[in-house]
Amino acid sequence: MSEELISKKDLLDEAGISYGQLYRWKRKDLIPEEWFIRKSTFTGQETFFPKRKILDRINKIQQMKENLSLDELADMFSPNIADLLLEKDELVKRNIVSTTVLDYYLEIEKGGLTFNFSRLLEVYVLEKLLQSGEINLEEGKMLLQVLVDNKALIKQKKAELVITRKLGVSSCLLLINTENFHFERSTKIVAQLSLMACMEEIKSKLV
């Protein structure tokens with residue numbers, strides 16, 4: 001199921017904020033660029049947002065801005081992920097990943113019990129797709145191999161993970177800075193995931 005969206009006009013009304021505030025928070029990186037979704041409507045191009053995420057973020061900003069500067073809030077909402085290290089138990093405690101998927105990841109990846117952000121992203125993507133039922137365990141191994149082999153490409157890039165099936169055979173593609181892609185008609189896209197969106201979801205769990 002796709003995430004419920006809210007239009008910019010409805011957002012400003014519901015949150016009780018001005019256009020200027022919204023875009024000032026965007027410039028300060030308090031609201032991620034990827035949450036500003038441009039869509040065609042009968043009146044032309046309009047901006048929409050993931051409703052639950054944007055309202056939750058605005059609520060946090062409004063609660064904290066009396067005591068923290070916008071720069072301090074930006075640091076809080078965008079932790080320095082390059083220096084991030086979390087222990088295995090902390091991942092489960094913060095509801096980033098389930099114990100079952102975490103154990104499966106460690107069985108495949110053979111790493112230690114301390115997670116930097118790259119490993120955190122890998123196990124989070126595995127959790128997301130396995131729990132949704134979009135992929136099976138063998139496909140999980142395949143996507144992990146793609147993520148592990150391309151760690152350097154994923155950092156600070158607009159990356160999407162696409163898993164396809166054709167005649168029962170699965171493939172996993174990592175698309176970097178790609179606007180559109182097309183496959184032959186007999187190829188089924190079974191999962192498509194923005195890694196930037198996943199990074200943002202992880203960061204929101206760390207706040």
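**Reading the sheet and its helices**

Mentor: Three bridges connect β1 with strand β3 (residues 44-50), and the two run antiparallel. Helices (H or I, at least four residues) and strands (E, at least two) are DSSP runs, numbered from the N terminus; two strands pair if DSSP finds at least two bridges between them. This is a predicted model: local features need pLDDT of at least 70, side-chain atom pairs count only at pLDDT 80 or more, and totals for chains, interfaces and linings use all residues. Residues are numbered from 1 along each chain as its sequence is written, and side-chain values use heavy atoms, with hydrogens and water left out.

Trainee: Which residue of β3 is the bridge partner of Leu5?

Mentor: The partner is Pro50.

Trainee: In what order do the strands form the open sheet?

Mentor: The order is β1-β3-β2, with antiparallel pairing. At the edges lie β1 (5-7) and β2 (37-41), each pairing on one side only. From one strand to the next, the twist averages 45°.

Trainee: How are angles defined, and at what angle to β1 does helix α1 run?

Mentor: Axes are lines fitted to C-alpha atoms, for helices over the stretch in contact (heavy atoms within 4.5 Å). Angles run from 0 to 180 degrees between N-to-C directions. Helix α1 (residues 8-15) lies across β1 and β3, at about 85° to β1. Helix α3 (residues 51-64) also packs on the sheet, touching β1 and β3, and its direction makes about 70° with that of β3.

Trainee: Which residues of helix α6 are buried?

Mentor: Buried means under 20% relative accessible area, with a 1.4 Å probe and protein chains only. In α6 (residues 99-109), Val101, Leu102, Tyr104, Tyr105 and Leu106 are buried. The buried residues of α6 pack against α5 (88-93), β5 (114-115), α7 (117-132) and α8 (137-149).

Conventions:
Buried < 20%, exposed > 50% of the residue type's maximum accessible area, 1.4 Å probe, protein only.
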